[in-house]
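Subject: Structure handover

Hello,

Here is the structure for your files. My notes on what was found follow below it.

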Amino acid sequence: MASVADNLARVSARIRDAAVRSGREARDVRLVLVTKTIEPERVREAVAAGQRDLGENKVQEGRGKAEALAGDAVRWTMIGHLQSNKVKDVLRFAEEVQSLDRLSLTATLDKRLQHLGRGLDVLVQVNTSDEASKYGLHPDEVAAFLKELAAFNSLRPRGFMTLARFTPNIAEVRRCFRVLRDIRDRAMDDAPQGEALRHLSMGMSGDYEIAIEEGATIVRVGQAVFGPRPLPDSHYWPGAAGVG
Ligand SMILES: *Cc1c(COP(=O)(O)O)cnc(C)c1O
């Protein structure tokens, strides 16, 4: 098996190529390396190869890994469904939450952040595949949500996140990404946060190049760097039938 550093270099090259294909530069696309199920020692190989931006799907695992890598210059992002009772724990390690999907969570995060005297970058998660099993706001709910979000001073909304439908049908995957891009474009014109909402977090190991072609500014990639995960994806997203 190729080393973590080799895989990281290959993924980075593909990100760069896809960015150039879509009229942008490599630095316009940020790679969040997803480290779920990966032991800290292997994560450290990626850090040694220059990767700083790490993402976890579950709070407890993220917190443990952040403690194991304390001292390394890394930045943690929460990308998985977040329960309100885990807010205190997530804020111990994450500098960004990409899975903001409801007002009650927003209020709980803001309250805790006010107490801590700090801010948090957030992305609004949208369900673009119309699967009942997926988390995220329905596209029609986004505009109203952004208006409410403007009242919470400690949150810095930066854009949107989605998971495309799990399907080999590339046209359908692209459709999901375009739904998110259209939401972003409209929000930049109409929402109170305006231009700040320019980020699109979309694309994983199987579809990150397509996502970049459709405008992704952030991709979340795990298996393409660390190899296949033993646990099925249904462990991470209810309804995902072990694809990937
Ligand atoms: C696991 C995960 C990813 C990365 O998936 P890979 O198949 O490992 O690239 C991206 N986004 C979320 C929300 C995840 O949980």
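F93 is a buried residue, because its relative accessible area is 8% and the limit for buried is under 20%. Please keep in mind that the model is predicted.

F93 sits in the loop between α4 and β4. Leaving out residues up to four places away in sequence, F93 touches V59, G62, R63, A66 and W76.

A search of the whole structure finds one aromatic pair, and it is formed by W76 and F93. The geometry is edge-to-face, with 6.4 Å centre to centre and 80° between the planes. The pair links distant parts of the chain: W76 belongs to strand β3 (residues 75-78), F93 to the loop between α4 (87-90) and β4 (94-100), and the two are 17 residues apart. W76 counts as buried because its relative accessibility is 3%.

The chain as a whole

The protein chain contains nine helices and eight strands. Its C-alpha trace spans about 50 × 40 × 35 Å along the principal axes. For 244 residues, a compact globule would have a radius of gyration near 18 Å; the protein chain has 17 Å, so the value agrees with that expectation.

Of the 244 residues in the protein chain, 50% are buried. Taking the contacts with a separation of 6 or more, 59% are between residues 24 or more positions apart. The accessible surface amounts to about 11,000 Å², and carbon and sulfur atoms account for 48% of that area.

On charges, the protein chain carries 36 positive and 34 negative side chains. The centres of the two sets lie 2 Å apart.

Two residues with positive phi

Phi of T37 is near 70°, a positive value in a residue other than glycine. T37 is located in the loop between β1 (30-34) and α2 (40-48). With a relative accessible area of 26%, T37 is partly exposed.

Phi of D130 is near 60°, again positive in a residue other than glycine. D130 is placed in the loop between β5 and α6. At 59% relative accessibility, D130 counts as exposed, because the limit for exposed is over 50%.

A132 is found in the loop between β5 (120-125) and α6 (142-149). Its relative accessible area is 86%, so A132 is exposed. From A132 to T77 the C-alpha to C-alpha distance is 25 Å, at 55 residues apart in sequence.

Residues in helices

T106 lies in helix α5 (residues 103-116). Its relative accessible area is 0%, so T106 is buried. Setting aside residues up to four places away in sequence, T106 touches L100, F145, L149, F152 and L155.

Helix α7 (residues 170-190) holds I170, and M188 lies in helix α7 as well. I170 counts as partly exposed, because its relative accessibility is 47%. I170 and I183 are 13 residues apart in sequence, and their C-alpha atoms are 20 Å apart in space.

Which residues is M188 in contact with, leaving aside its neighbours within four places in sequence? They are G194, E195, L197 and R198. M188 and E41 are 147 residues apart along the chain, and their C-alpha atoms are separated by 41 Å.

To return to the ring pair: W76 and F93 are edge-to-face, W76 is buried at 3% relative accessibility, and F93 is buried with a relative accessible area of 8%.

Regards

Notes. Residues numbered from 1 in each chain as written. Heavy atoms only, no water. Helix = DSSP H or I, 4+ residues; strand = E, 2+ residues; numbered from the N terminus. Rg over C-alpha atoms; globule rule 2.2 N^0.38 Å. Buried < 20%, exposed > 50% of the residue type's maximum accessible area, 1.4 Å probe, protein only. Contact = heavy atoms within 4.5 Å. Areas by Shrake-Rupley, 256 points an atom, 1.4 Å probe, with all protein chains shown as cover. Lys, Arg positive; Asp, Glu negative; His and termini not counted. Charge placed at Lys NZ, Arg CZ, Asp CG, Glu CD. Phe/Tyr/Trp six-rings, centres within 6.5 Å; stacked < 30°, edge-to-face > 60°.
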